[in-house]
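Please take a moment with the sequence and the structure before reading on.

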Amino acid sequence: MLVSPSVLSCDFGNIQRDTLMLHHSVADWLHIDVMDGVFVPNISFGFPVLQAIRKHTDKTLDVHLMIANPDAYLEDFKKAGADILTVHYEACPHLHRTLSRIQELGMKAGVALNPHTPIEVLSEVAHMLDLVLIMSVNPGFGGQKFIAAATDKVARLKALRTAHNAHFLIEVDGGVNLETGAQLAAAGADALVAGSFVFGAADPAATIASLKSL
Ligand code: DX5
Ligand code: ZN
């Protein structure tokens, strides 16, 4: 299992310390949640924070854009250090162009699906995707309750991947803990995002290791 702890739940007054903790943990990626107050009803952070994180780790930065009009900023995210750039299906009227541009810039391209969005909308781009991010909460906040329907969605997405001979990784974001993570692992998830479960734990590094072993 690939594990991508969400920096959204870290202590921003100690971002260097928390980034280094993740760097030295068995986490595969660092999940970076960018929110603009337009696409989602919350504002998180932007380029300066991403650059600050980049300075302290060479691990893969898994950047989740919860912003309207992501096309305007793709190059800026590359410059700020993003390795995987995931846009929301619901924010991209020209998704094929957006994904092509992300890959031309030298990043892996992901698409996130809100809980209400069916997986079938990805059929025509499945072959070109590096990652699909299944939202198991409505995006905007850490610490929300897992929406159980996400588990079956992962299983169906895995079947869609096979049917299209596609190779994207399946990542799940929102309300992930050991219990929901085990269900997602059984359904075929390749990567798990976890924010409050990791940073709310007494031993975040050990918690990352426990998710890794699912
Ligand atoms: C939610 C974000 C998530 C968030 C997950 O909109 O996309 O990445 O940090 O937080 P938890 O794991 O607490 O649900
Ligand atoms: Zn996220």
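## Basis of the model

This is a predicted model, in which local features need pLDDT of at least 70 and side-chain atom pairs count only at pLDDT 80 or more, whereas totals for chains, interfaces and linings use all residues. Residues are numbered from 1 along each chain as its sequence is written, chains are lettered from A and ligands numbered from 1 in the order in which they are written, and side-chain values use heavy atoms, with hydrogens and water left out.

Strands (E, at least two residues) and helices (H or I, at least four residues) are DSSP runs, numbered from the N terminus. D33 and D173 are both buried, a word that stands for under 20% relative accessible area, with exposed meaning over 50% and partly exposed in between (1.4 Å probe, protein chains only).

## The sheet and a helix across it

Eight strands form an open sheet with parallel pairing, in the order β1-β8-β7-β6-β5-β4-β3-β2. Its edge strands are β1 (2–5) and β2, each of which pairs on one side only. Neighbouring strands of this sheet are turned by 25° against each other on average, direction ignored. Two strands pair if DSSP finds at least two bridges between them; β2 and strand β3 (residues 60–66), which run parallel, are joined by 7 bridges, and I32 stands opposite V63 in β3.

Helix α8 (residues 204–212) lies across β1 and β8 (191–194) and runs at about 145° to β1. Such angles run from 0 to 180 degrees between N-to-C directions, with axes being lines fitted to C-alpha atoms, for helices over the stretch in contact, where contact means heavy atoms within 4.5 Å.

## Salt bridges

A search of the whole structure finds 9 salt bridges, each being a side-chain nitrogen of Lys or Arg within 4 Å of a carboxyl oxygen of Asp or Glu. In one of them, D18 is joined to R17, with the closest N and O atoms 3.0 Å apart; D18 counts as buried at 8% relative accessibility, while R17 counts as partly exposed at 48%.

Another joins D83 to R54, again with closest N and O atoms 3.0 Å apart, and links distant parts of the chain, since D83 lies in the loop between α3 (74–80) and β4 (84–88) and R54 in helix α2 (residues 47–56), 29 residues apart. R101 forms a salt bridge with E75, the closest N and O atoms being 3.9 Å apart, and this pair links helix α4 (residues 95–104), which holds R101, to helix α3, which holds E75, 26 residues apart. Through salt bridges that share partners, E75, K79, R101 and E104 are joined into one network.
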